[in-house]
Each structure stands twice: as structure tokens, then as C-alpha cells.
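I open the notebook on a new entry.

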Amino acid sequence: MTHTFNEIYDLFPKLDCGLCGNPSCRTMARKVITGDAKVEGCVNLKRPEFQENLTHLRTVLAEGVEIGAKGVVVVEEAGITYVHPCISEAGKVMAEAKLASGPEGSVNLKFGFYDPIMLCWALEVSGLFKDFKCSTNLGVAKLNIDGKTVMVFKDGRVNVRAAKDKQDAIETIRLVSRSLWGAIICSCCGNVGIDCASGGCADCLSKICPVLGGGPPDPTGRERSESMSQTTAQTIFERVKALPTRLQFEAGVESLDTAMKTLQDLGESILLGKFQDKERKSLQNIQGLLEKANQRAVRVVVETPAIQDATVGLILAGVALDISRMTEGIKTLVKLGVPLTPKSCSLLRQALSIALDGYKAFRSADEGLGRAVLDNYQMFKNAWGGAFKESSEKEVLVAVEKLAVNGFYIARLLNKPLPT
Amino acid sequence: MPDVAKLRKDFPILESGIVYLDNAASSLTPEPVLMKMMEFYRDYRANVERGIHRLSQRASGEYEAAHGKVAEFIHAKSDAEVVMTRNTTEGINLVANGIDWRKGDRVVTTLLEHHSNFIVWLRLRKRFGVEVDIVRPSSEGILDVNTFEKAITDKTRLVAITHVSNVLGTVTPIQEVAEITHRHGARILVDGAQSVPHIPIDVRNLDCDFLAFSGHKMLAPTGIGCLYIREEYLNETEPLTIGGGTIEEVTEEHYTLAPSPRRFEAGTPAIAEAIGLGAAVEYLKGVGLEATAEHEKSLATRIFQGLEAIKGVKVYGPTDFSLRTGIVSFNVGELNPHDVALALDVSGSVMVRSGFHCAMPLVKEVLGARGGCVRASTYLYNTMEEVDRLNGMVEEIAGAFI
């Protein structure tokens with residue numbers, strides 16, 4: 001019997017540590033399934049506590065992977081595929097659409113279209129939809145927009161029931177498509193759009209990421225005709241000033257600022273060996289702040305008129321994702337609740353400063369500081385690698401590394417090319 | 001039990017990991033059938049019945065042999081009783097157009113029918129003033145023989161009834177209905193689209209006068225089907241089309257039609273497809289329909305029981321599988337059946353049918369599924385693992401969305 005993507009992904013450590021070179025275990029799982037990466041590339045799977053997972057993973061992969069997990073090779077027209085009067089509701093229509101990215105449509109989707117986990121996540125954090133239900137196992141979401149029932153499928157199909165007319169259905173699908181922009185898997189690198197917007201994806205540092213540059217797919221199947229020139233993420237705070245969604249963006253950034261400040265305090269508490277209720281409370285606060293930032297980010301993506309400008313919303317969500325991963329690192333340290341060894345303390349100190357400086361460089365569009373962060377990260381990584389080999393507290397070190405690598409991702413964003 | 005693992009190797013399309021449970025719509029085609037068709041194109045591609053050269057002779061031989069194989073498969077008295085058609089629908093239309101209807105004649109059909117065995121009779125109303133009497137099944141889709149006692153009268157000329165419901169997989173009491181029909185001097189046409197591929201058929205035992213079925217639902221290619229016509233009615237049934245190949249003699253004044261099956265098979269037939277059907281019948285015979293019928297029934301029972309245990313899932317038709325074949329129809333809460341089918345495909349590569357299954361009166365009026373339903377239908381190559389995958393996926397869908 002063949003296995004599904006989720007069965008395989010579930011065997012990964014889900015630490016999103018970035019040590020394999022991918023920003024998430026989901027990307028790594030995708031690459032392992034297609035043969036673009038080997039399970040041995042995951043440092044954490046080799047740790048004793050994941051021994052069983054590794055063995056199981058090898059068995060499962062040998063048994064074969066279900067075709068849906070490998071992505072599909074489909075040659076079909078994108079766009080509205082079906083419009084028909086509702087049989088049960090007179091005067092309403094049902095419409096079905098196939099969303100496809102890139103000018104070639106969905107000709108060869110090596111890794112699939114939407115990441116099933118990000119599909120559910122993106123629709124949920126937006127807070128835009130009523131009666132929202134989603135299954136990451138199925139990669140299917142069901143939601144309600146103004147009385148219309150919408151089903152979204154991980155292969156890019158969207159069904160709308162009880163729409164007023166075809167145009168109403170198209171507008172509904174557009175809204176869904178924009179909300180899900182960051183969940184599209186890049187056929188080149190296996191990362192999702194949001195990975196690219198977080199600086200986590202290293203494959204598009206010198207060119208515009210195809211997912212970001214391609215824009216959210218349109219249900220009419222129209223290709224984007226705007227000529228694509230590029231700028232870097234350094235300019236996003238400038239660009240935002242002219243947008244009607246400026247206030248949403250700024251409110252989102254404000255949440256991130258507070259989250260980073262809280263994270264800094266938490267880091268310092270841990271360095272002092274403090275793991276009290278106060279710290280646990282702070283962790284919850286950060287979660288709340290990130291949720292708010294994400295909601296704002298989706299609003300910017302959805303409401304910014306021009307698609308090129310809407311990328312700033314994705315960047316906001318991407319940085320929120322980086323900070324969320326940093327927070328997971330801190331959370332692990334708080335949860336373990338044991339004082340760190342001097343060696344780990346020193347690494348945490350370095351990691352914390354990379355995280356804070358990375359964010360600071362991004363906020364102030366300070367290219368010099370950004371470059372310094374990239375250099376510091378390389379130094380940190382060397383020291384960390386040596387320590388990790390010998391250390392008995394590998395869990396602590398992986399958590400520390402998450403802080404640093406995400407600061408590194410944010411700093412990397414500074415020179416990220418964006419469509420203008 | 002058929003050796004499912006072994007015979008699955010004949011269906012390389014399954015290697016991709018798909019779970020194909022849309023067999024009531026169309027089955028897959030095994031390699032031996034494809035090879036047999038390819039052999040025609042590669043080795044002896046020629047027209048039938050007209051040529052004296054060796055290729056035509058070979059083609060004619062194979063084409064005729066296909067009739068023989070099908071005749072044997074359904075236990076017809078002779079090859080002449082087997083007419084090649086495009087599909088079941090064409091066979092039914094041949095009968096509908098082949099009878100010299102008179103105003104006031106009556107046709108009895110049921111609400112269990114596929115549209116192909118339903119609207120054909122409604123059209124007779126308009127064209128010839130033929131009255132149509134419709135027998136209703138129970139809410140579980142069971143036909144009561146007593147209702148036929150009332151519906152069939154001396155005015156009835158034809159009873160048109162399905163052998164197996166394409167929505168519920170329920171088997172109808174053909175022998176009993178045939179007995180009533182013949183007692184009133186009428187004829188009985190059986191829609192065998194869902195029975196011939198799945199259960200052993202003996203037309204003499206069934207005592208039917210016409211039996212229509214399709215090749216594409218029984219491992220054969222698309223575009224080929226059969227109509228069995230009882231020997232006594234071969235000459236009085238008017239062909240649907242006439243022309244090349246159907247005649248014995250033509251003068252300026254008249255023509256004489258050839259004996260069956262040629263009289264019914266006008267023009268160059270679907271030669272490769274007919275040969276493919278012959279090969280499919282041989283394949284089914286080789287595996288053994290008794291065994292596959294049992295296998296399909298146990299698969300469907302497992303689907304039925306599995307789905308029925310899921311909260312919010314409604315499964316249609318009788319619980320007693322002695323009266324059913326390998327078809328199970330269901331709905332998941334208020335979810336649109338197309339959305340359920342799409343989720344099954346996208347998320348699990350499970351292929352099922354959704355909608356009204358060309359049986360709108362049954363699905364809407366009898367089952368009360370106003371938005372249609374989802375249908376899973378099994379065949380000899382399906383496995384218990386596949387059934388469990390379907391059931392697991394439906395459970396997942398029900399859990400997530402209702």
C-alpha cells in the first residue's frame with residue numbers, strides 16, 4: 001500500500017530547524033518524496049529520540065508514495081471549468097475553477113499545488129471566513145463567504161456553491177486565491193510562497209521567486225501581463241506609504257516589534273536561568289501578537305489593489321513566520337526549564353543577537369547591519385556545529401539554532417528581489 | 001476468490017497508485033484485451049465480410065468469433081442472437097425503434113432505470129401514443145413482483161427493466177417478471193449494463209427476449225456493446241440502421257435483409273472493438289464470474305458496513321447483500337456529492353462517481369437525495385485495502401466537514 005504526504009511528513013521531527021537547508025520539514029518531506037533529498041540529510045532524525053521515526057520513514061518510502069503526494073502532472077486549462085445553475089437553489093449558480101500558477105499553467109507540478117498544511121493555516125489566520133473547516137490530512141478546506149459555500153482543494157481546484165452569478169463566483173475565488181498565495185508550492189524548489197517571503201528559501205535570492213512574481217492565480221486563467229521589473233525588500237517600508245492598506249501593514253509591523261521585544265526579554269531571562277510563570281505568559285503574548293500580525297498581513301495581501309504591491313503583505317506574514325519559529329525555539333528552552341551549560345549560554349547569546357539584529361536590519365532597511373548578520377550567522381554556525389557534535393543537550397542546541405537561523409532569514413530578506 | 005494480486009498486473013494503469021472505484025461508469029481494460037486489439041491493427045487490419053484476401057478473411061473470422069464468444073458467455077442459442085451495437089443505449093434504442101408500435105400499446109418500465117432505459121419509452125408516448133406504466137421500487141430500491149402483476153396487462157407489448165440498478169446495485173427479479181410478461185403475450189427487454197459484466201448470465205434461464213449491455217463496463221474498449229435478441233424475434237425486429245453489409249439482395253425495387261446478426265450491423269462495424277470485446281469475455285471467463293461476483297460483493301459489503309458506521313454518512317439501499325452487486329451509493333452529511341468525490345480524488349486518488357448517475361427519478365424521488373449522491377462501484381481488480389482507503393477517506397471527510 002502506498003503512503004500519503006502526511007504519513008511521511010508526520011515522521012519528520014517537525015522542528016523546522018533549517019539545518020537541512022530547507023526552511024521547513026514540509027519542504028524537506030516533499031523533496032524526500034520526489035528523491036530530491038535524502039532522509040539522511042536531516043540531522044535531527046539521526047538523534048536517538050527520532051531513531052524509530054527514521055526506521056519507519058525508510059520503510060514507508062520503500063513501500064511507495066501515493067501519487068497525490070508526489071504532486072500531479074496535469075495538463076489542463078486553468079480557469080473557470082464549470083458554471084451551472086444550482087439544482088437545489090433556484091436562481092443561484094455553482095462554479096468550479098482550477099487555479100494554476102505560472103504561465104504554463106499546471107503543466108508539471110512536481111510537488112503539488114497548495115501545501116495542505118499551509119492551505120489550512122493561511123485560510124484560518126486570515127480570520128476572513130465564516131464556518132471555516134479544514135483538514136490538513138485531506139488538503140481540503142470548506143468555508144462560507146456571504147452565504148456561498150466554498151470548497152478549496154490542495155490541487156488548486158475551488159468549487160463555489162450558491163453564488164449569485166458567474167462574476168460573483170469569480171470574485172469569491174479571487175479572494176480565496178489571494179488568501180492562499182503564500183501556500184502555493186514552488187515547482188522549482190518545493191518551498192511555499194511564504195517561505196520565500198520569510199527569507200527562508202535560498203533558491204530565489206538573486207531572482208524573483210516564481211510564486212511571488214507569478215502572483216496569486218486568477219480564476220479566469222488570465223496571465224499577468226504587467227512587465228516585471230524588480231526591487232528589493234529594502235524598499236518595502238517606502239512602498240507601503242503609498243498604499244491604501246498602509247495602516248493595516250503598520251499595525252502588523254507594530255505587533256511584530258512588540259513580539260521581538262518580548263522575545264528579547266525572554267531570551268535574557270533564559271540566560272539568567274529564569275523559567276517562571278511570567279515567561280510562560282510572555283510566550284502566550286507573543287502568539288497573540290503574531291496572530292494579529294498575520295491577520296493584518298492577509299488583509300494587506302487581499303486588499304492591496306495591485307498584485308505587485310500586495311507582496312508586502314506576504315513579506316509581513318513571512319517575517320511573522322520567522323518570529324514564530326524563533327518563538328518555538330525559546331518555547332523549547334522554557335519547556336525544558338533547565339539552566340544552560342556555559343557553552344550553550346554563549347551560543348544562545350550569539351543567536352539572540354543574530355535574531356534581534358536581523359529583525360532590526362529589516363526594520364531600518366540597514367544593508368550594512370544586514371550583511372553583518374549574515375557574517376555573524378556563519379560564525380555562529382561554525383561554533384554551533386562543533387558544539388552540536390559533542391553535546392549531550394542536542395535539543396537545547398537545536399532550539400538555540402532556530403533563533404539564529406530565523407534572524408539570518410530576515411536579514412537575507414533585505415536584498416530579496418521583489419516584483420514592482 | 002480470484003487471484004487479485006496476479007490479475008492486477010494486467011492493469012498497469014493501477015500501478016500509479018490510483019484507487020479506481022468508478023467501475024459502474026466504465027471499467028479499466030486489461031493488457032490481453034489491448035493486445036488483441038493491437039494485433040488486429042498491426043497484423044490483419046482490413047474490412048470484414050467483403051474481402052476475399054487473407055487479411056479480410058482473418059478479420060472476418062476474428063470478428064465473427066467475437067460474436068461466438070459473447071453468445072457463449074450469455075448462453076445464447078446461436079451466434080445469430082448476438083448483435084454488436086455501440087453500447088447498451090443503442091441496443092435499447094434498437095428495440096424501441098424496431099417494434100411496429102400501435103396507438104394504445106403499453107410499455108411497462110420502472111423508476112429504478114438509467115435514463116437510457118427510461119426516456120426512450122417516454123419518447124414513444126409522443127411519437128406513437130404508446131402508454132408508459134412506471135413501477136415504483138420501495139424506498140430501498142427493491143421491486144416487488146406483485147406490482148408487475150398489476151402493471152402488466154394484455155395491452156402491454158414490452159416490459160423494459162434493468163437487471164441491476166446502476167445506483168444501488170440491487171438485483172431485480174427478472175425471471176418472475178419475465179413469466180408475468182410472457183403470460184400476457186408481451187416481450188421483456190433487460191438492461192444488462194450493470195449485470196452482464198458482474199454476474200453469470202444465462203439468457204435462456206432468465207427467459208428474456210432482449211438483453212442489452214455495453215463492452216466498456218466489462219473490460220472491453222468503449223464504443224462496443226451487444227444486444228441479444230431471442231431467435232424468434234430476429235426477423236420481425238426492424239434494424240435501427242440499414243445499408244452496406246445488411247442485405248442479401250438488392251434490386252431497383254426491393255431489398256432482402258441478410259440473416260442476423262448482419263441485418264442489424266450496417267456499415268463497417270467497430271471491428272477492433274468487437275474483437276476486443278471477445279477478448280474481454282474470454283478474460284472474464286478465465287477469471288470466473290462466480291468468483292469475481294463474490295469478491296465484488298464482499299468488497300461492497302465492507303464499503304457499506306464501513307460507511308454506515310461513520311456518523312453523518314447516509315448509505316442507500318438494502319442492507320442485505322444477497323440482493324446486491326458491488327455498487328454502494330452514499331452521501332456525507334449535507335456536503336455536495338461532487339465536493340466529496342473531488343476530495344476523494346484530490347486527497348486520496350480514489351475515483352468515484354457523483355451526481356445523479358443518469359437516474360434522476362430514482363435518486364431524487366425514491367432515495368430523496370435532492371442534490372445527488374456519491375457512488376463507489378467495485379470490480380474484480382479492487383482490493384480490501386482500496387476499500388479501506390475509501391472508507392478511511394470518507395471518515396476523514398465526515399470528521400472534518402460535518
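This is a predicted model: local features need pLDDT of at least 70, side-chain atom pairs count only at pLDDT 80 or more; totals for chains, interfaces and linings use all residues.

I looked up the strand order in chain B. I read an open sheet of 7 strands, β2-β8-β7-β6-β5-β3-β4 (chain B), and the pairing is mixed. β2 (82-85) and β4 (131-135) of chain B are the edge strands; each has a single partner strand, so one side of each lacks a neighbour in the sheet. From one strand to the next I note an average twist of 20 degrees.

I checked how β2(B) joins β8 (residues 225-229) of chain B: the pairing is antiparallel, over 4 bridges. Which residue of β8(B) stands opposite B:T85? I find B:G225 there.

Entry three, a helix on the sheet. I see α7 (residues 174-183) of chain B packing on the sheet, where the helix touches β5 (156-162) and β6 (187-191) of chain B. The direction of α7 makes about 155 degrees with that of β6(B).

I list 25 residues of domain 1 in contact with 24 residues of domain 2 in chain B. On the domain 1 side, α10 (289-308), β12 (327-332) and α12 (360-366) of chain B are the elements that give two or more residues. I sort the residues of that side into 14 nonpolar, 5 polar and 6 charged.

Notes: Residues are numbered from 1 along each chain as its sequence is written. Chains are lettered from A and ligands numbered from 1 in the order in which they are written. Two strands pair if DSSP finds at least two bridges between them. Axes are lines fitted to C-alpha atoms, for helices over the stretch in contact, and angles run from 0 to 180 degrees between N-to-C directions. Two residues are in contact if their C-beta atoms, placed from the backbone, lie within 7 Å. Ala, Val, Leu, Ile, Met, Phe, Trp, Tyr, Cys and Pro count as nonpolar, Asp, Glu, Lys and Arg as charged, and the others, Gly among them, as polar.
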